[in-house]
Amino acid sequence: MNLTMQYNGHSTFNTFLVLICALFSVVGCAHAQTDHPDVKPANFAIEELGNGIYVHHGAHLDIDTGYQGDICNISFVVGSLGVAVIDTGGSFKVGNQLRDAIKKVTKLPILYVINTHVHPDHIFGNAAFLQNKPDEAKPVFVGHAKLGDAMQLRKEIYDKLNQKYLGDDAKGSEIVKPTLPVKAVMDLDLGDRTLRLTPYAVAHSNTDISVLDSKTHTLFTGDLLFIERTPVVEGDIKGLIAAIDDLKTYPATQVVPGHGPTTKDWLTALNNSQRYLNILLTDVRNSIKKGESMERAMDTAAASEKDQWQLFDIANRRNVNTIYPMLEWE
Ligand SMILES: [Zn+2]
């Protein structure tokens, strides 16, 4: 792909962003790993955080070994009335594995399927949750107010991406749009606990929401937070920095990021992410001011952060590719 493509029209640019974003989701999320002792490198290992919180961490992958649809963090929360799923993985196959894992933990119904944002590694397991028995109600699908439209806009590109990388595993993977849009902060009732959903302005993507559990104060950030790997900006870098500021005010005891290990040291993780983004923003602005080309900025911006993050070179270049054309218009 031509990473030096020039900004020459809004729709072209949007299409390009979508393409880049699809790549990001693969590259940026590779090597997801955790040092939590409960996680085993098995088919679909579940980390039990206690008090009804469960997390599956995607496989340790490099792009060269191929995207298999299972690279992001997928969580579920069990309340006294039923279960809420937070992201469903990148394929129907992964969604089914998740559904089976939930059924082993509880007989309670799955009430809600929440997508933290539109990226394909987080949404294509949704279809597995349409398969409830006739006597079971279908879950309510929940996401950002803009998620349905974003899914529709990207459908064709994501279908191609799934075909290319997943082959047969892409079978059954389909867009399932939210039936409950999150337009403002709202609570979902799971019986003995509620989940507070907060929608954001354009940040990592244009469809980000976070989820905070009332019982354990576990905060699920979606891709507003990456741990260990280079943060990804597909939406708006200033919006992402602001969203991280907002996340810092939450009364969280632990955080499940979109990718990377669960952490209790979440303020440090948010600060690390914000530090990188602020340096990137400053450096790209300076490059533009000096009249440096985007290609040059790709080589130099945020270079001081290189040793702090995994997959830095490729992810950082792509971040520059996303934000440089936007900042030119400041
Ligand atoms: Zn993402």
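I began with the side chains of β3: I74, F76 and V78 point one way, S75 and V77 the other way, and all are buried. I call a residue buried if 20 or more other C-beta atoms lie within 10 Å of its own, exposed at 12 or fewer, and partly exposed in between, with C-beta atoms placed from the backbone. β3 spans residues 74-78 and is mostly covered, with five of its five residues buried. I took helices (H or I, at least four residues) and strands (E, at least two) as DSSP runs, numbered from the N terminus.

This is a predicted model, and local features need pLDDT of at least 70, side-chain atom pairs count only at pLDDT 80 or more, while totals for chains, interfaces and linings use all residues. Residues are numbered from 1 along each chain as its sequence is written.

Next I checked pairing (at least two DSSP bridges between two strands). Strand β2, residues 53-56, runs antiparallel to β3 and is joined to β3 by four bridges. Y54 stands opposite F76. Strand β4, residues 83-86, also pairs with β3 in the antiparallel sense, over four bridges. There A84 is the bridge partner of V77. A hairpin of four residues links β3 to β4.

Then I looked at helix α8, residues 312-327. Its 16 residues reach 21 Å from first C-alpha to last, close to the expected 22 Å (1.5 Å times one less than the number of residues). Buried residues in α8 include A315, R318 and Y324.

Last, I checked confidence. pLDDT, the predictor's confidence in each residue from 0 to 100, averages 87 over the chain, and 85% of the residues score at least 70.
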